[in-house]
Amino acid sequence: MKATIIIFSDPKNGEEALGRAFNGLAAAYDFKQAGDDVSIVFQGAGTRWIGELNKPHHPAHELFEAVKDQVAGVSCGCASVFGGTEEAEQSGFDLIKDNPVPGTPGVASLRKYAAEGSTILTF
C-alpha cells in the first residue's frame with residue numbers, strides 16, 4: 001500500500017488543528033509500522049507545524065520524531081506565504097516546488113502523488 005499524508009491544518013487554530021495534525025501523524029505511524037510506503041507533506045498553513053513539532057515539550061513531538069523520516073517535504077510556496085520556510089530549512093526538509101503555480105516559487109503537486117498510485121489523506 002502507498003499513502004501520502006497531507007497536513008493542511010494551521011497550528012494557530014488551536015485544539016482542532018492539533019487534533020488534525022496529530023491524527024495525520026498517527027496515520028503515517030500506522031502505515032509505517034505496517035511496512036507500507038508512506039510520505040508526509042506539509043502544505044498550506046500546515047507548513048507552520050515544523051517549528052511547533054520540533055519543540056520537545058509539544059504534545060505531538062514524540063510522535064513527530066517517530067515519523068520524521070517519512071516527511072517528503074514542505075510546500076515551498078506555502079511555506080513562503082505562511083512563514084514556515086526557515087523552520088523547514090533548519091530541519092533539513094526539502095522545499096517542494098514541483099507544481100509551478102503562477103505567482104509562487106512552486107508548491108507540492110498532489111497530482112504527482114496520485115499519479116504514483118498513492119492514496120492521499122488530508123488532515
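Student: How many aromatic pairs does the structure hold?
Tutor: Two. Keep in mind that this is a predicted model, where local features need pLDDT of at least 70 and side-chain atom pairs count only at pLDDT 80 or more, while totals for chains, interfaces and linings use all residues. Residues are numbered from 1 along each chain as its sequence is written, and side-chain values use heavy atoms, with hydrogens and water left out.

Student: What makes phenylalanine 42 and phenylalanine 64 an aromatic pair, and why is it called edge-to-face?
Tutor: Rings of Phe, Tyr and Trp (its six-membered ring) pair if their centres lie within 6.5 Å; planes under 30 degrees apart count as stacked, over 60 as edge-to-face and the rest as tilted. Here the centres are 6.3 Å apart and the planes make 80 degrees, so the pair passes on distance and is edge-to-face by angle.

Student: What does that pair tie together?
Tutor: Phenylalanine 42 sits in strand E2 (residues 37-42) and phenylalanine 64 in helix H3 (residues 61-67), so parts 22 residues apart in sequence are tied together. Helices (H or I, at least four residues) and strands (E, at least two) are DSSP runs, numbered from the N terminus.

Student: How do you know whether phenylalanine 93 is buried or exposed?
Tutor: Buried means under 20% relative accessible area, exposed over 50%, partly exposed in between (1.4 Å probe, protein chains only). Phenylalanine 93 has 10%, so it is buried. Phenylalanine 64, at 0%, counts as buried too.
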